[in-house]
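Okay, thanks for coming, everyone. I'll walk you through one model today, going strand by strand and then on to helices and rings.

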Amino acid sequence: MIANLEYYKVFYYVAKTGSLTRAAEILSISQPAVSQSMRLLEEQTGAKLFSRVSKGVRLTAEGELLYSYIARGYEQIQTGEQKLKQMLNLELGEVHIGASDMTLQFYLLPFLERFHELYPSIKVIVTNAPTPETLQNLLNGQIDFGVVSTPFVKEEGIQAMPVRSIQDTFVCGRRFTAYKNKTLDFSELSDLPIIYLEKNTSSRSYMDDFLKSNGVILQPEFELATSDMIIQFVLRNLGVGCVVRDFALPHLQSGKLFELRFNKMIPPREFCVVTAKKIPMSAAAKNLLAVISSESAEEITGKDTEHD
């Protein structure tokens, strides 16, 4: 292989333009330097690559063969440089995000909308999964960052930035009107048909641990995959649903549902943006995080109600 790959660059432009002078202009070097490079390339390859013609030079058969390979390689390099530049300028690229239904619906969507307005050529891919799976995807390098809800096990390689407070609550409909103006003890939940999320979620783990610390272990009537589905069950008076307040807020405001009151507050939780310390992020992902942390992005979420 030729030790000085710069010779191939000069060869490419001489062959492409058919002119030593034009190649020198494109490369911003002198014509004698172009001539010397071609002479040395011919010496090192052991082949005559060009023949002189009245208006410049023409490839020999050997030169045509070499050019057919060099052109593909050099043009691929040029394409790669162009694509890299587009990626750095946010004209091209992808962002991979991990988020649950809750964090996506009630936190992330406004930022994705703003980011798409600013960088319409960037493809955003959202992996929808519960918090534990999102954290594992982050550590495996499958996503650039995630938005999760506490509580979660904070692995050594993960950085977490709290971004919003959320509140868990128990909601019910007209079947349970007798409880509407009462202040309950958490132990009284054992007498009610409880509708919970499945066990593989941070929301379920949080509420199980909190109630256990208060001496209460519930056996739910229903265990469902999403909080939206819990609300649908509650609207049909099938039980008392445990959800983040934001899921129930429209129905609380309309009066279709109400919240149970307790003699002790359920502590709030948080949404967190999580990143991996040792895994580099794409330029597009860094800019999306910048949108999330910017004042303009905060103004977007200010228009929304609280959610989880």
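Before any strands, a bit of bookkeeping: I say two strands pair if DSSP finds at least two bridges between them. Helices (H or I, at least four residues) and strands (E, at least two) are DSSP runs, numbered from the N terminus. This is a predicted model, so to speak of local features we need pLDDT of at least 70, side-chain atom pairs count only at pLDDT 80 or more, and totals for chains, interfaces and linings use all residues. Residues are numbered from 1 along each chain as its sequence is written, and side-chain values use heavy atoms, with hydrogens and water left out.

Let's begin with β5, residues 145-149. On one side there's strand β3 (residues 94-99), which pairs with β5 in the parallel sense over 3 bridges; there, G98 stands opposite G146. β5 is also joined by 4 bridges to strand β14 (residues 269-276), and those two run antiparallel. G146 turns up again here, opposite V274 in β14.

For β5 it's 5 of the 5, so the strand is largely enclosed by the rest of the structure. In a regular strand the side chains alternate between the two faces of the sheet. Here F145, V147 and S149 point one way, while G146 and V148 point the other way.

Next, β9 (residues 194-197). It pairs in the parallel sense with strand β10 (residues 222-224) over 3 bridges, and I195 stands opposite F222. To get from β9 to β10, the chain passes through helix α7 (residues 202-213), and this β-α-β crossover is right-handed. By that I mean that, with the strands pointing away from the viewer, the path from the first strand over the helix to the second runs clockwise. β9 also pairs with strand β11 (residues 240-244), again in the parallel sense, over 2 bridges, with V240 as the bridge partner of I194.

Stay on β11 for a second, as C242 lies in that strand. C242 has a relative accessible area of 8%, so it's buried. Leaving out residues up to four places away in sequence, C242 touches T169, F170, I195, Y196, M207 and I230, where contact means heavy atoms within 4.5 Å.

On to helix packing. The axes of α2 (residues 20-27) and α3 (residues 31-45) come within 8 Å and cross at roughly 110°. Axes are lines fitted to C-alpha atoms, for helices over the stretch in contact, and angles run from 0 to 180 degrees between N-to-C directions. That makes α2 roughly perpendicular to α3; the cut-offs are under 35 degrees for roughly parallel, over 145 for roughly antiparallel, 65 to 115 for roughly perpendicular, and oblique for the rest. The contact involves L20, T21 and A24 of α2 and Q31, V34 and S35 of α3.

Last, the rings. Searching the whole structure finds 14 aromatic pairs. Rings of Phe, Tyr and Trp (its six-membered ring) pair if their centres lie within 6.5 Å; planes under 30 degrees apart count as stacked, over 60 as edge-to-face and the rest as tilted. Take Y12 and Y74: centres 4.6 Å apart, planes at 45°, so tilted.

Definitions and conventions:
Buried < 20%, exposed > 50% of the residue type's maximum accessible area, 1.4 Å probe, protein only.
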